[in-house]
Amino acid sequence: MLPDYLSKAVPNPVTNRAPWYKNTAPSYAGVFLWIAFYNSIAAGTITRGTLTVCLLALAAAGLLSYALYYYVPAILGMKTGYPLYVIGSSTFGTRGGYAMPGLLMGLLQVGWLAVGTFFATKFVLTALGIEAKAGTMPFIVTGVIWGYLMAWIGVMGIQYVARIATFLNFIPLLMILVVFVKVSPGISGHVPSEPNSFVAFTMLLQIVIGFFATAGAAGTDFGSNARNTSDVKWGGLVGIVAAIMIAGGLPLVSVAGARVLMPNVQGYNYDAVVSGIGGPLATAMFFLFTLASIPPACFSSFIAGNSFSTMLPGVSRMGSTMAGMTVAIILAVSGVAENLVGFFTIVGASFGPICGAMAADYFLSGKKWAGPREGINWAGYGAWAVGFLVGIIPFLPVSKEVQEYSQPAVLYSFITGFVVYALLAKAGLQPKTVAMPR
């Protein structure tokens, strides 16, 4: 007997799918154009590496994100029409798939919703000239309104998310270009204060791939809306690789230029550069960055809704999404969601080995979806456990040198998940498949 999330699964028909420039590319680009991605991207990186090294790292991170984390899930979604939670039943089993990637993906999206709600609330209040302090009444009221509105839009479906993203993506892009032009005279004057090209390069890989890991696995859901392999490829190359270079590269060099030109800019966060510009332009930018936070918030709501409604079919999609958003709002308005770097690392550690195990399963199955496997696929869980341990090395009580030189842990966790899954599958720990209902 198959569990409900498999027996009731219906593949997305080809007639419901659309070109890459109408769904995959704008949705992914919206995620990277979200200020939460690039707000801290210069911290600890441009102080160690030249801008050439940092831009090369961004290019490498974009290509690795596309090739390792996105492509296989997206191809499987395109070929089958099924979402991640159904596809994951091959790598983790019919029972094992409940927890991983099923509910885990939903829970992690709640974390992203918390981060997005925190930033949007902060920007709204800053633009209005109100103290943007977590825990205050204005912060709580604004966070509640924003969070529930985004959850409602996300429940409406991916087609609405993509439509919103297509237009709103131009707002942060325009703002990034405006800031870049203003500070560009100072870019050539940047000199790393603590030169260490290796640490700068690997840290950027960790930041970008750790940020992208869950969105990469969610490529299955976007792939199920793609018509063919060409849509999968172009959606990823434009929405991921190109978007990372633009949304990561321009803010990174802008912070470097601002540090040279503007003595009033303290720290290395991008919002500090916007504040340093000052005047009506800065106020307008904070309002516009708030609007630009809509696509990633809708993206996370959509993926969380997919997770909860698929794994818990007895609970309505609206009900489960709103419950998840309630938790996210609490994390946001209390200030817990402000710790971005740690969250990105945990996300990467969680989903790095999941993507690695899925890729190994894909190749071992002849580059196709094998179908659900009975019970718990211990090859998948073993791969995830070992890969996760590798991914959290920077969080362990080890020396600073070990923490720095164990990066990019998210990439090593992917490789570990891939290798361990292949070894355990060959050792016979991969259960037999179960037929899906027609």
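Me: At what angle do helix H7 and helix H15 (residues 294-311) pack, and how far apart are their axes?
Reply: Residues are numbered from 1 along each chain as its sequence is written, and side-chain values use heavy atoms, with hydrogens and water left out. Helices (H or I, at least four residues) and strands (E, at least two) are DSSP runs numbered from the N terminus, while axes are lines fitted to C-alpha atoms, for helices over the stretch in contact, with angles from 0 to 180 degrees between N-to-C directions. H7 and H15 pack at about 65 degrees, and their axes are 8 Å apart.

Me: Is the crossing of H7 and H15 left-handed or right-handed?
Reply: A crossing is left-handed if the near helix is turned anticlockwise from the far one by less than a right angle, and right-handed if clockwise. For H7 passing H15, the crossing is right-handed.

Me: Which residues of H15 meet H7?
Reply: Contact means heavy atoms within 4.5 Å. On the side of H7, the residues are Trp146, Met150, Ala151, Ile153 and Gly154. Their partners in H15 are Ile294, Ala297, Cys298, Ser301 and Phe302.

Me: How many nonpolar residues does the contact of H7 with H15 have?
Reply: Ala, Val, Leu, Ile, Met, Phe, Trp, Tyr, Cys and Pro count as nonpolar, Asp, Glu, Lys and Arg as charged, and the others, Gly among them, as polar. The contact of H7 with H15 includes no charged residues and two polar ones, and its nonpolar residues number eight.

Me: Why is H6 described as oblique to H7?
Reply: Angles under 35 degrees count as roughly parallel, over 145 as roughly antiparallel, 65 to 115 as roughly perpendicular and the rest as oblique. Helix H6 (residues 96-127) and helix H7 (residues 137-155) have axes 9 Å apart and pack at an angle of about 125 degrees. H6 is therefore oblique to H7.

Me: Which handedness does the crossing of H6 and H10 have?
Reply: The axes of H6 and helix H10 (residues 197-217) come within 11 Å and cross at roughly 135 degrees. That angle makes H6 oblique to H10. The contact joins Met105, Leu108, Gln109 and Trp112 in H6 to Phe211, Thr214 and Ala217 in H10. The crossing of H6 and H10 is left-handed.

Me: Is Thr416 buried or exposed?
Reply: Buried means under 20% relative accessible area, exposed over 50%, and partly exposed in between (1.4 Å probe, protein chains only). Thr416 lies in helix H20 (residues 409-426) and touches Val386, Gly387 and Val390, leaving aside residues up to four places away in sequence. Because its relative accessible area is 17%, Thr416 is buried.

Me: What is the phi of Lys367?
Reply: Lys367 is placed in the loop between H17 and helix H18 (378-391), and at 48% relative accessibility it counts as partly exposed. Its phi is positive, in a residue other than glycine, and near 60 degrees.

Me: Which element has the lowest mean pLDDT?
Reply: The protein averages a pLDDT of 87, and 95% of the residues score at least 70. Helix H4 (residues 51-80) has the highest mean among the elements, 96. Where pLDDT is low, the predicted coordinates should not be read in detail. The lowest mean, 64, belongs to helix H8 (residues 158-168).

Definitions and conventions: This is a predicted model: local features need pLDDT of at least 70, side-chain atom pairs count only at pLDDT 80 or more; totals for chains, interfaces and linings use all residues. pLDDT is the predictor's confidence in each residue, from 0 to 100.
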